[in-house]
Structures are given as C-alpha cells and as structure tokens.
Amino acid sequence: MSKIKHMIGKSIEKPDARDKVTGQALYPGDINLPGQAYMKVLFAERPHAIIQDIDISKAVKLPGVIAVLTAKDVPVNEYGLIMNDQPVLCGPGSKKPFAERVRFIGDQVALIIAESESLTEQAKKMINVEYQDLPVISDAREAKNDHGKLVHPDRESNVFCHYQIRKGDLEKGLHEADVIIEGEYITPVQEHAFLQPEAGIAYIDEEDRVTIMVAGQWTHEDQEQIAHSLDLPPDKIRVIYPAIGGAFGGREDMSVQIDLALAAWHLMKMGIHKPVKTIWSREESIIGHHKRHPYFVKTRWGATHEGKITAAEVELVTDGGAYAYTSTKVMGNATLMCTGPYEIPNVKVDSYAVYTNNIPNGAFRGFGGPQGAFVAECQVNKLAEAINMDPVEIRMRNLLREGSLLSVDTPMPKGVTIDKVVHKCAEKAGWKNTDKGWQAPAISKKNTDIIKHGIGFACSYKNVGFSFGAPESCTAKVELHGKDTIEHAILYHSGADVGQGAHTIFIQFMAELLNLPLEKIHLIASDTARTGQSGSASASRITFMAGNSIVGAVNNALKKWINNERPAIAEYEFRPPKTTPFDPQTGKCQPNFSYGYVAQVVDLEVDTQTGKIKLDKVICVDDVGKAVNPLLVRGQIEGATVQAQGYALMENFIQKEGRTYTPTLSTYLIPTILDIPEQINSIILEEADPIGPLGARGMGEMPFLPFTPAVVAAVHAATGIWFDEFPLTPERVISKLHEKG
Amino acid sequence: MNTPINIKVKVNGKEYKRAVEPRLLLSDFLRHDLELTGTHVGCEHGMCGACTVIMDGVSVRSCLIFAVQADGHEIETADGLGTEDALHPLQQAFMEEHALQCGFCTPGFLMTIIPFLRENPNPTDEEIRTAIDGNLCRCTGYENIVKAVKKASVKMAGKAK
Ligand code: FES
Ligand code: FES
C-alpha cells in the first residue's frame with residue numbers, strides 16, 4: 001500500500017458542492033427530456049383488502065392518457081430486496097398468488113401515464129376499484145401468535161423470521177447475579193424525511209436498454225429487482241443515479257424504480273417512444289416508503305455487586321409491516337447488538353420479525369443498531385444504579401476487548417477500541433478515574449423547583465459492511481492516462497453519493513494513491529452500464545469497501561503502467577473476510593468483519609412544568625480508524641446526532657389500525673435549528689482498522705446509536721424516572737411526572 | 001375557470017411573459033415552465049423551506065404562491081445568485097464550511113439568508129438561528145450552516161467597506 005501523501009485526512013470541499021450551491025445540480029425530479037410523459041401511482045390507501053375489480057375504462061378514454069397499467073401488465077408481479085413477497089401492482093390478473101390483496105396503505109394498484117401531470121391526476125380519479133375490506137392486523141405482538149389472521153395467506157404464520165442465540169447457561173448466569181434487572185421496552189417508528197421526495201425518469205437508451213434515472217442507494221440491486229419484475233436480463237436494464245437528495249436507508253428498497261421501468265418499457269411495446277417522469281408528493285413519499293422498525297422488547301439482565309454482568313436474556317419482537325423489505329437483516333443486527341458491546345458469558349436471545357398491515361419497516365441509519373443499543377444501554381445503566389456503581393465504571397468492567405467472545409460465541413475482529421472510546425468520552429465529560437474507579441462529575445448547574453438537570457452516558461458499536469454471510473464485495477475500475485508520467489486518472493465506481501460525500505472520498509483516495517492533484521481525477525459514477533457492482537451505500541460500508549476497492553484497482557493499474565501499458569486500465573473486486581449466518585440452534589456465527597466504536601454523553605435539562613427537554617451539550621467520541629476527510633466526518637456526526645435527537649425526543653409517527661395520521665411534514669415534525677443541542681462536541685479518534693483502507697472504518701451510522709439511551713439516562717438523573725418508551729415528547733414526560741407525583 | 005392568464009415576471013433579471021393556469025404554483029412555474037430547477041420542492045405546503053425564493057426583496061415560499069400572484073413582480077432564485085466561476089460569497093461560504101450534504105435544502109437556505117443579510121449585515125449566531133428556523137435540513141445538523149452565514153457576513157461586510 002502506498003504511503004500517505006497529502007490528500008487523506010484533509011478537509012477538502014465536496015466537488016459536487018459547487019453545482020449544489022448554484023442550483024445547477026440535477027436531482028431526479030429536475031431532469032426533463034423532450035416529449036416526456038408523466039406517471040402517477042394509484043395507491044390503495046387502505047390497509048387490508050381484496051381487490052375484486054379494477055375498472056380503468058373511463059380513465060383510458062380521457063384524451064391525453066397514454067396508458068393505465070395494472071397487475072396484469074406486470075410480467076413477473078413480485079419484488080423485494082430479501083424476498084419477493086410484494087406485488088409490483090396489487091390486483092387481479094397476475095400469476096402471483098394473492099396479489100389481488102392490498103396489505104398496507106402504500107400498496108400500489110395502478111400506474112397512470114399521460115401527456116401531462118394534471119391529466120394523470122384527472123385520470124386517477126376516474127379509476128374505479130372495488131375493494132372488499134379485511135380485518136386489519138396492526139399489533140405485531142398479537143400477530144406473532146395469531147395463526148388465524150394472516151397477512152400473507154400462503155404462509156403458515158405471520159412470523160417470517162426468527163433467530164436465537166444460546167451462549168453459556170442463562171439460568172446459571174442469573175443465579176450467580178446479585179441483582180437482576182427486568183425491563184420492557186418499546187422503540188418507535190421513524191420516518192427518514194430525506195428532503196427530496198422520490199422521483200425519476202425512464203427512457204429507452206441508444207442500446208435499447210430500459211434506463212431509469214433515479215435516486216437510490218444501490219444501482220445494481222435496483223437493476224436486478226427491475227429486471228426480475230420485467231422478466232428481462234439485467235443487462236437490458238440500466239440504472240443511473242444523478243444527484244441524490246438524502247437517503248438514510250430510505251432509498252434502499254424500491255419506490256418508483258420498477259414503476260418507471262415498467263412504464264417506459266410498456267410504451268415502447270406500444271410503439272410509443274416517450275420518456276416517462278414521475279415525482280412523488282411528500283405524502284406519497286411518507287406512505288410509499290418503509291420506516292424504521294419499532295421493537296417490542298422483554299429482557300432481564302443479572303450482575304454481581306462487583307459489576308460483572310453474568311447473564312442477559314432478551315426477547316425482541318419487531319413489526320416488519322406488510323412486506324419483508326430488509327427486516328431479516330435489520331433484525332440480525334438488533335439480535336447481536338441488544339446485548340451491547342459487552343462480553344457476557346451467558347446469553348439467551350430470541351427475536352421475531354412479524355408481518356402486519358402497517359407500512360413496511362426496513363433500513364434506516366443504524367439498521368437495528370439503535371434499537372439494540374437502547375435495550376442494552378438502558379439495562380446497563382439500570383444495573384449500575386442497582387449496584388450503586390458509576391455507569392462508566394460498570395462499562396469498563398464488561399466492555400468487549402481484543403479477543404473477547406461475542407454473544408454469538410466468536411471473537412471480535414481485530415482492532416477493538418470501545419474501551420478507548422469510552423475512556424475518552426468519560427474524560428471529556430469530566431469523569432475522573434480514581435483509585436475507587438470511575439466517578440461522574442458533579443452536576444454544575446443548579447436545579448430549581450422546576451428545572452432539573454441531568455447527564456447520561458451510553459456507548460455502542462456498529463458493524464461496517466454486510467453481515468451474517470451476505471455476499472459482500474465492491475468493484476472499482478481505474479484508468480491511468482499520460483505518456484511518461486500519469487497526467488490524469490479516471491475512476492469508474494457505482495458507490496452512491498447520497499449526500500454523505502462518498503464521491504469526495506473516492507477522489508481523495510485516488511489523488512492520494514496516485515499523488516495527483518484533485519482536478520486530475522475524473523469520476524464516472526453510479527451507472528450500471530459503465531460502473532461495476534459496488535454494493536449499497538449503507539451499513540457504514542462505502543468508505544471501507546469502496547476505499548479498499550480503489551486501493552486494489554490503483555495498485556493493479558500501476559503495475560500495468562510500469563509495464564508501459566497506455567492507458568493503464570485495471571479493475572479490482574475487493575472481498576473482505578467472510579461472515580457467516582446465525583446457527584439456527586445456538587446462533588453461533590462470525591457476524592461481521594469490522595466495527596466502529598462510539599460513546600456519548602448528553603447533558604440536558606427537564607422542565608418539570610411543561611415536560612420539555614432542552615439539550616445543553618452532547619459529547620460524541622467516534623473511532624473512525626482514519627478520518628479520510630475530517631470535515632465530512634464531523635458533518636456525519638452532527639447530522640446523525642440531530643437525527644437521533646429527533647428520534648429520541650420529537651419524531652412521533654402515528655399509525656392506528658394500519659392508517660397513518662402523520663403523512664406530512666406539518667404533522668410529522670423533525671428537528672429545526674431551534675430544537676438542536678446548543679453544543680455538539682465531536683471528537684474523532686483514529687485507531688486504525690487493520691483491514692480498513694489506509695486504516696479507515698465506516699462511521700456514518702454509529703453516532704446515532706447511543707444517543708437515545710444517553711438521553712434517557714440523563715432524564716433519569718434529572719427526574720428519577722426511567723423512560724422505557726420514547727420519543728420523549730413533552731406529553732409523555734409530563735404524564736410520567738404526574739404519575740410519579 | 002382554467003383559462004390561461006397572461007403574466008409578466010422578472011426572474012433573476014430576465015423578463016418572462018407566459019400564459020399560465022390560474023392555479024399554477026409559483027414553484028411549478030419556475031421549475032417546469034421556466035426550467036429553473038434550482039428551486040426545490042420538499043413538502044408542497046410551506047413546512048420545509050426548500051422552495052424559498054425572493055420576491056421583491058423578501059423571502060417567500062414559492063409553493064404557497066400562485067404564479068399569477070407574481071405577475072409584475074421580481075423574483076430571485078438560487079439559479080441566479082452566482083455562477084460556477086463567480087460564486088456569491090454566501091455560496092462560497094456554504095462550500096467552505098461544508099454547510100450542505102445532499103444539498104437539496106441549500107437553495108432554500110440561500111434564498112432565506114440573502115434578504116436576511118441585506119437587512120442585518122452583521123448578525124449574531126442567535127439571530128442567524130432564528131432567521132433559518134423555518135428551513136429544514138435532514139443531513140447537516142445545521143451547525144455548519146450557521147458557520148457559513150457568519151463567514152459570509154464577515155466577507156460581505158468587508159467588501160462593502
Ligand atoms: S416545498 Fe415549499 S416549503 Fe416545502
Ligand atoms: S443537505 Fe440534505 S437536506 Fe440539507
């Protein structure tokens with residue numbers, strides 16, 4: 001590997017920023033092509049029903065309407081990232097069993113394609129759908145045991161995934177404990193609320209490929225799912241990402257992709273060569289894409305008076321919603337992370353993902369980690385209180401260290417630094433490491449009758465890259481141009497820049513490894529016709545995976561350069577160490593190949609009259625291995641922390657009987673600048689990951705994980721109340737305070 | 001009811017004459033009819049601020065205004081603020097301070113801040129925070145936006161001297 005020269009560790013500006021500040025960047029909804037038609041989706045807007053009949057006869061007769069597509073027009077009427085359990089369009093007439101059922105309000109029934117947007121609207125109203133409503137299944141805990149009422153009648157149960165971990169002897173571990181803490185927790189749904197609603201445009205390109213320009217997270221997965229539904233070979237589908245207006249996991253599953261492809265392909269078969277464009281409204285976006293999973297948790301943990309955690313038992317039930325999306329993977333993470341970054345000798349975990357008629361749940365920054373961390377950190381903080389030990393001290397006695405065995409009975413990958421991260425964070429927040437162990441600082445601010453102050457601690461770890469045996473690789477192609485010296489270089493890479501700055505990082509790696517100025521690096525990105533399989537922009541994996549792929553491709557290209565090949569062109573597919581799935585009985589597995597580590601302290605005040613919580617200070621310490629671009633890293637920490645703050649304190653997604661009561665940004669409130677902490681102190685540690693590119697770890701998710709449990713601990717310190725359910729809206733806080741009296 | 005109405009609007013210094021439907025929103029007029037896609041739409045009902053433009057010197061939400069209401073008025077959008085080679089100091093500061101990630105919210109922030117800085121060329125952090133409290137950003141956590149505004153104000157004040 002080349003020596004670090006000049007570009008890594010530098011806060012260079014994002015090369016896409018210039019276009020973005022001048023309004024010139026094109027997001028999917030900004031692209032117009034000559035002669036384009038418009039598409040609108042008819043959503044079911046009811047949670048559970050059988051479609052008896054769809055009458056489109058009036059709609060298709062409206063002048064200017066080009067086509068109305070229903071289930072019978074979809075060649076293979078199914079899709080899904082993990083399993084093909086979702087119809088592209090619900091209704092009678094396709095071969096997919098039970099596709100005439102709608103299972104959540106955002107299920108799609110028809111696509112209307114017309115000359116103008118207002119015509120699609122008009123035609124939509126002329127479609128007549130006859131529904132037979134079915135009982136709504138909305139509580140995952142009930143649905144788990146109810147085999148009479150099924151969301152998918154072709155399955156035996158609403159439970160579509162179950163994992164278990166059996167490590168050591170739980171009963172023995174509980175017996176050894178001096179205290180046992182039992183807990184029941186509920187974590188809420190969260191909406192991504194990326195600022196750019198779903199949009200895209202599709203056309204047939206010069207090589208007869210159905211081409212879709214859209215905002216997503218994984219070009220090649222989009223391509224594969226579209227190809228499956230259209231029954232075409234993947235190379236007949238081309239997916240291109242222009243500028244992407246945020247994602248956070250919310251673009252990992254299909255939204256407009258298959259619809260657009262189907263529409264353009266259908267028009268072509270009708271002999272009409274017209275691009276098709278669509279833009280979802282915010283309301284369509286909120287009912288149309290998945291959310292963060294709610295979890296229902298029962299748990300008991302035991303510890304000795306010396307602060308040794310002896311046993312942890314956890315049952316997780318998660319609401320998958322109507323379709324699987326990435327639930328099985330998200331739950332894998334939660335299953336691992338619900339016992340925290342601690343070495344616990346006796347562990348029993350059972351987790352269940354359950355179908356309901358709610359909006360599907362899936363990927364969202366942290367991917368099961370925040371829910372797992374909430375359980376583990378609240379339990380550890382409660383244990384610390386029960387044995388009268390400092391929360392940092394109890395952690396120091398149990399944290400995972402180099403060589404520690406995880407709950408899944410395999411050692412951690414090398415480069416474990418959670419103890420250093422906890423140490424740093426505690427120190428920064430004023431903890432003292434005395435001969436009696438770690439001691440929290442005294443709260444400096446005075447409590448009044450009304451305002452109570454508190455400080456809370458939590459820490460977490462987050463996997464980098466795909467887990468549990470999922471195929472994991474990343475491809476880069478590099479071209480070196482010039483005569484005697486390399487004059488410029490081209491990188492071909494699919495990795496999606498969802499706003500986090502992935503492309504900036506790619507260019508920095510290239511410039512560093514080739515010792516070229518930034519402007520001599522040209523990037524061709526995210527186009528399945530030109531760039532190779534990169535995997536998704538998720539799981540905090542892009543810096544790590546793409547970085548390693550670029551290092552490999554540059555090294556290969558340099559070898560060719562030395563052999564006088566001009567241009568020197570090389571491709572490289574990086575494959576990290578293998579992971580393995582849970583053993584069905586014991587859960588034993590090698591879950592991940594790399595982790596990032598994080599700790600947070602939250603300092604806040606609670607107004608006991610209004611229930612309002614005000615954040616004074618957040619300290620966030622993240623081991624990122626190597627900060628390839630410190631400015632971008634801090635941007636991720638600040639952005640994740642504010643998003644976590646929304647999750648912990650204010651974002652209240654209301655769903656009853658499968659219907660959504662918060663489908664707009666005026667009913668679903670996310671943080672504005674006046675809601676955020678007065679101070680976010682982000683501290684970056686750089687303990688190299690032994691297999692990270694130039695030592696880098698992934699980090700985009702981890703600042704999210706410990707935030708909520710740190711807030712809950714601080715609120716407990718302020719008020720004496722443990723909140724086992726959030727968001728901690730003023731209403732929830734005040735009603736608990738009144739309960740306590 | 002849908003008879004098109006003739007309007008005359010000056011956008012970024014250029015005059016446009018168009019016939020528009022009475023219910024056409026200013027945001028759609030700018031984006032579709034004039035193909036000025038630097039104005040973004042994030043919520044369609046006044047909550048996110050992404051669609052903010054300047055009308056006769058004042059920040060307005062173009063998703064809450066009909067195109068016909070802009071008849072005879074002057075509009076400024078992010079597309080006209082600076083060019084790629086000659087950025088406005090505020091745009092420059094947004095780049096330098098990493099005040100954007102996905103950038104979808106950025107034009108709305110710029111168009112909110114420009115009139116604010118004209119009125120208040122030397123703002124405190126507190127005043128900046130209040131000025132942008134109606135604009136949503138889901139990526140940055142806002143801190144860098146405040147820094148960028150501060151930096152731009154210092155630069156612009158220096159130039160004005
Ligand atoms: S689009 Fe106008 S305020 Fe959100
Ligand atoms: S930068 Fe993405 S919403 Fe502000």
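Predicted model: local features only at pLDDT ≥ 70, side-chain atom pairs only at ≥ 80, totals over all residues.

Chain A is divided into domain 1 (17-24 + 473-574), domain 2 (31-134 + 198-279) and domain 3 (291-467 + 584-740). The centres of domain 1 of chain A and domain 2 of chain A, taken over C-alpha atoms, are separated by 33 Å, and the contact takes 14 residues from domain 1 of chain A and 17 residues from domain 2 of chain A. On the side of domain 1 of chain A that touches domain 2 of chain A, the classes are 4 nonpolar, 8 polar and 2 charged residues.

In chain A, 7 strands form an open sheet of mixed pairing, in the order 3-5-1-12-9-10-11. Strand 3 (65-69) and strand 11 (237-240) of chain A stand at the edges with a single partner strand each, so one side of each is left without a neighbour in the sheet. From one strand to the next, the twist averages 20°. Within this sheet, strand 1 (residues 37-43) and strand 5 (residues 108-114) of chain A pair in the antiparallel sense over 6 bridges, and A:Tyr38 has A:Ala114 in strand 5 of chain A as its bridge partner.

Helix 6 (residues 219-230) of chain A packs on the sheet and touches strand 10 (210-214) and strand 11 of chain A, its direction making about 145° with that of strand 11 of chain A. Helix 7 (residues 257-269) of chain A lies across several strands of chain A, among them strand 9 (199-204), to which it runs at about 30°.

Turning to the chains, the contact takes 45 residues from chain A and 42 residues from chain B. On the side of chain A that touches chain B, the largest share, 8 residues, comes from helix 15 of chain A, while by class this side has 21 nonpolar, 18 polar and 6 charged residues.

How values were computed: Residues numbered from 1 in each chain as written. Chains lettered and ligands numbered in written order. Contact = placed C-beta atoms within 7 Å. Helix = DSSP H or I, 4+ residues; strand = E, 2+ residues; numbered from the N terminus. Nonpolar A, V, L, I, M, F, W, Y, C, P; charged D, E, K, R; others polar. Domains from an automatic or database assignment. Pairing = 2+ DSSP bridges. Axes fitted to C-alpha atoms, helices over the stretch in contact; angles between N-to-C directions.
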